[in-house]
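The paragraphs below go through the structure step by step, from the whole chain to single residues. Keep the sequence and the coordinates at hand while reading.

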Amino acid sequence: MFVDYIFAIYNFETIEGKAPTRKGAKVHEESVKAFFFFVFLCILESWWLTKKIDMPLSRIFLILFFFANAFFAQAQTPTTLQNIYGRTSISLNGRWNYIIDPYETGFYDYRRQPFDQSASGKGGYYDDRKQADKSELIEYDFDLSPTMKIPGDWNSQAEKLQLYEGTVWLRRKFVAAPKDGKKYFLYFGAVNYEAHVYFNGKKLGTHKGGFTPFQFEVTGQVKQGDNVVVVKADNIRHADEIPTVNTDWWNYGGITRDVLLAELPATYIADYKIQLSGSALRIEGYVQLSGAAKQTVTVQIPTAGLTKKFITDSTGRALISLPVKKLAYWSPEHPELYKVIINSETDSISDRIGFRTIETKGQEILLNGKPVFLRGISMHDENPLIPGRLRGEADMRMMLQWAKELGCNYVRLAHYPHNEQMIKLADEMGLLVWAEVPVYWTISWQNPATYANAQQQLTDLITRDKNRASVIVWSVGNETPISEPRNIFMGKLVSHARLLDDTRLVAAALEVHRKDNVIVIEDPLGEQLDLVSFNEYAGWYFSDTKGMLDYRFDVKFNKPVIITEFGADALGGFHADDATRWSEEFQDLLYRNQFKMLSAIPGLRGMTPWILVDFRSPRRPHPVYQDFWNRKGLISETGKKKKAFFTLKNYYDSVGMRYK
Ligand code: GCU
C-alpha cells in the first residue's frame with residue numbers, strides 16, 4: 001500500500017494497486033526528478049525544524065515524509081463520476097438562452113481584466129442581472145436573448161453561428177429542492193472547447209477539451225427553488241491546445257453533450273472497474289468510494305451467479321477479484337451484457353457490463369482467445385442529415401446501424417472521444433471500438449502544458465469508458481509527424497494508457513512514407529504499440545485508380561496490421577467512368593483496388609476505411625464537389641448509399657466467412 005502511494009503520487013503510477021508490471025514499468029524521467037526534489041524538500045524542512053523542536057532530524061524527516069504522502073495519497077478519486085447515467089440526477093438539458101460575445105465583453109472589463117478575478121468577483125454576464133428600474137444601465141439580458149437546444153452545438157442552430165469561432169454565453173435556470181446530507185455535482189458530458197462555469201453567480205471553475213466530461217461539486221450551493229447555471233464556452237483554436245489549430249473536421253462549439261445535476265449520498269461510490277483481468281477466468285478491478293471510508297462493498301452479477309463482499313482500505317478503495325464460473329463472453333456476434341450491482345454501506349449503483357478478453361499474438365488479434373478480423377469503418381461524431389454533433393440516442397443508433405448494414409463488427413470513432421452513450425450503444429449492438437484522443441497532426445510537442453492537456457484527455461477517456469466491453473483499442477493519436485520530441489510525447493501517452501488500463505490494446509495512426517512504389521511503415525512509435533495501424537491514400541492523395549496497383553506495402557513490424565484510413569471523395573449521385581475523380585465509380589474502383597493491395601499484407605487483420613458518411617470540413621471549399629463537405633463517405637450527406645458502400649459490404653461478407 002505505501003509503495004502505491006509513492007508510485008501514484010510521483011506519476012510512477014501502478015496499475016490499480018498492483019506492483020508495476022513489465023508492461024507498465026516505464027517510469028517517466030520527471031517522476032524521478034519530482035521524487036528526489038520532494039525528498040530534498042523534506043530534508044530541508046526537517047533540518048529547519050530541528051532548530052525549533054528538540055527531535056532528531058531522521059524522526060522529523062520520517063514523520064514529515066509520511067504525512068505528506070498520506071495527504072497526497074488520498075486524492076485517488078477520479079475527476080468525474082463513473083457511470084453518471086446510473087446516478088440520481090436531474091437533467092439540465094433543454095433550451096438555454098445564449099449571448100454571442102466575440103469580444104468577451106461579458107468576461108473582461110475594458111482594461112481586459114477578467115471580472116471574475118476582480119475584488120467583487122462581479123461584473124460579468126454570469127451575474128445574470130436584470131434591469132431593476134428604468135434608469136439602470138445593463139447591456140445584456142439573458143431572458144430577452146434567443147435560446148438554443150442543449151445538448152447541441154451552436155453552429156447548426158443559427159445561420160450566423162455556422163462558421164462562428166469565439167465566445168458564446170449560455171444560461172439555464174432551474175428549480176431544485178436540495179436535501180440535507182446529500183452531495184451535489186454539476187456534470188457536463190462535453191463543452192467545446194474552453195468552458196468557464198458559474199453557478200448562482202459564483203465561479204465554479206474552468207475546463208479545457210471539447211470531448212471529455214467534467215464536473216464541479218456544488219454541495220451547499222444548490223438553493224431551494226431557483227438556481228442559475230451560466231457557461232462561457234469558447235471554441236477558438238490555439239496552436240498549443242489539443243487538438244491544435246489545424247483539423248479536417250468542423251469546429252462545432254458549445255455544450256454538445258448532456259448536462260446533469262447529480263445527487264449523491266455523503267459517501268458515495270465514486271469509481272469502479274469491473275473487467276476480466278486479461279485471463280478469461282477472473283474478473284478483477286476495484287471499487288473506489290468518495291472518501292477515505294472503510295466500508296463493506298458487495299459486487300453482484302446475479303445472472304452469472306456471482307456475488308462477493310470486499311472491504312475498502314483506508315483510502316476508500318477495495319480491490320475486486322472474482323473467480324468466474326460460467327460466463328457468456330461478449331462478442332459482436334453475442335453482445336452479452338450482465339447487470340452488475342455494486343452496493344456499499346451508503347450507496348448503490350448498477351451497470352450493464354460485458355466481459356471479453358482482447359490480446360495480440362504475433363500477427364493475430366485474439367478476441368476471447370479466437371482470431372478476429374476487424375471489419376470496420378471510421379466515423380465522426382456528426383449527423384450528416386442535419387449537420388451538427390450527434391444529438392441523441394436516435395442519431396447515434398442511426399450511425400451504428402449503418403455500420404452494421406455494412407457488415408462491420410468494429411468502428412473507429414475518430415479523432416476524439418465520442419459520446420458515452422455511443423460507446424454504450426456499441427456495447428449493446430455488438431460493435432468493437434477504437435477510441436482516440438485528438439492528438440492530431442502537428443502538436444506543440446515540447447510544451448509541457450500541451451502534454452498535460454493530452455494526458456488529461458486520455459485519462460478522462462479511459463476513466464469514462466474502462467467498463468465498456470466494446471472498447472478494445474485506446475488510440476493516442478493520428479498522423480503525428482516523426483521527431484524526437486514527438487516520439488517522447490507519444491511514448492509517454494502510450495505508457496500512461498497502459499498504466500491506466502492493462503486489459504486493452506494501445507495504438508495510433510502511424511506515419512508512413514514512400515520510397516518509389518513502396519509504402520514503408522517503420523514509424524519508431526510502432527515499437528511501443530500493440531498494432532501496426534496507419535492511414536494510406538493510394539489512388540487519391542497519390543497515384544490514381546489505375547496506377548495504385550503498382551504500389552506495395554513494406555511493414556517493418558511483426559504485429560497485426562490495421563489500416564486506419566483509406567478512401568476517396570465521391571459526390572453522391574455523380575456518375576462517370578472510373579478514372580473520373582469525384583465520381584462514385586472512381587471511389588468504387590479505388591476500394592476494389594485497395595482490397596487487392598491490402599490483401600498482400602501478411603499481417604492484415606482489419607481496416608476502418610475513411611469514412612462511413614460525408615462530413616463537414618472547413619478545409620474543403622471546392623464549390624461543386626465539396627462545398628465544405630469531405631466527400632469520402634460511403635453514404636452521402638442526404639443518407640444515400642454510394643456504390644462503394646455495397647463493394648465494401650460484399651468484401652466484408654467474404655472476410656466474415658473466413659473468420660467464422
Ligand atoms: C487524414 C485524416 C482525416 C482526414 C482524411 C482526409 O488522414 O486523418 O482526418 O479527414 O485524411 O484527408 O480525408
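**From the chain to its residues**

The protein chain has 9 helices and 35 strands. The model is a predicted one. Along its principal axes, the C-alpha trace spans about 85 × 70 × 50 Å. The radius of gyration of the protein chain is 26 Å, and this agrees with the value near 26 Å that a compact globule would have with 660 residues. Of these 660 residues, 58% count as buried. Among contacts with a separation of 6 or more, 71% are accounted for by residues 24 or more positions apart.

Two helix pairs come next. Helix 6 covers residues 448-465 and helix 7 covers residues 484-500; their axes come within 10 Å and cross at roughly 25 degrees. Angles under 35 degrees count as roughly parallel, and helix 6 and helix 7 are therefore roughly parallel to each other. Their crossing is right-handed. On the side of helix 6, the residues that meet helix 7 are Thr 450, Tyr 451, Ala 454, Gln 455, Leu 458, Thr 459 and Ile 462. Helix 7 brings Phe 489, Lys 492, Leu 493, His 496, Ala 497 and Leu 500 to this contact. Divided by class, the contact of helix 6 with helix 7 has 8 nonpolar residues, 4 polar and 1 charged.

The second pair is formed by helix 8 (residues 584-598) and helix 9 (residues 643-658), with axes that come within 8 Å and cross at roughly 20 degrees. By the cut-off of 35 degrees for roughly parallel axes, helix 8 and helix 9 are therefore roughly parallel to each other as well. The crossing of helix 8 and helix 9 is right-handed. From helix 8, Glu 584, Glu 585, Gln 587, Asp 588, Tyr 591, Arg 592 and Phe 595 make the contact, and from helix 9, Lys 643, Ala 644, Thr 647, Leu 648 and Tyr 651. The classes in the contact of helix 8 with helix 9 are 5 nonpolar, 2 polar and 5 charged residues.

One of the residues in that contact can be followed further. Gln 587 is in helix 8. Is Gln 587 buried or exposed? Residues under 20% relative accessible area count as buried, so Gln 587, at 0% relative accessibility, counts as buried. Neighbours within four places in sequence aside, Gln 587 is in contact with Ala 568, Ala 570, Arg 631, Lys 632, Gly 633, Leu 634, Lys 642 and Ala 644.

What does Leu 281 touch, not counting residues up to four places away in sequence? Its partners are Leu 322, Pro 323, Val 324 and Tyr 329. With Leu 322 the separation is 41 residues in sequence and 8.6 Å in space, C-alpha to C-alpha.

The backbone has some local features to check. Between Asn 192 and Tyr 193 the peptide bond is cis, and its omega is near 10 degrees. Tyr 193 lies in the loop between strand 6 (191-192) and strand 7 (194-199). The peptide bond from Ile 242 to Pro 243 is also cis, here with omega near 0 degrees. Pro 243 has its place in the loop between strand 10 (225-234) and strand 11 (254-255).

Phi gives another pair of sites. Asp 128 has phi near 50 degrees, a positive value in a residue other than glycine. The loop that holds Asp 128 runs between strand 2 (94-100) and strand 3 (147-150). At 13% relative accessibility, Asp 128 counts as buried. Asp 516, likewise a residue other than glycine with a positive value, has phi near 55 degrees. The place of Asp 516 is the loop between strand 28 (513-515) and strand 29 (518-521). Asp 128 counts as buried, whereas Asp 516 counts as exposed at 74% relative accessibility.

Technical notes: Residues are numbered from 1 along each chain as its sequence is written. This is a predicted model: local features need pLDDT of at least 70, side-chain atom pairs count only at pLDDT 80 or more; totals for chains, interfaces and linings use all residues. Side-chain values use heavy atoms; hydrogens and water are left out. Axes are lines fitted to C-alpha atoms, for helices over the stretch in contact, and angles run from 0 to 180 degrees between N-to-C directions. Helices (H or I, at least four residues) and strands (E, at least two) are DSSP runs, numbered from the N terminus. Angles under 35 degrees count as roughly parallel, over 145 as roughly antiparallel, 65 to 115 as roughly perpendicular and the rest as oblique. A crossing is left-handed if the near helix is turned anticlockwise from the far one by less than a right angle, and right-handed if clockwise. Contact means heavy atoms within 4.5 Å. Ala, Val, Leu, Ile, Met, Phe, Trp, Tyr, Cys and Pro count as nonpolar, Asp, Glu, Lys and Arg as charged, and the others, Gly among them, as polar. The radius of gyration is taken over C-alpha atoms; the globule rule is 2.2 Å times the number of residues to the power 0.38. Buried means under 20% relative accessible area, exposed over 50%, partly exposed in between (1.4 Å probe, protein chains only).
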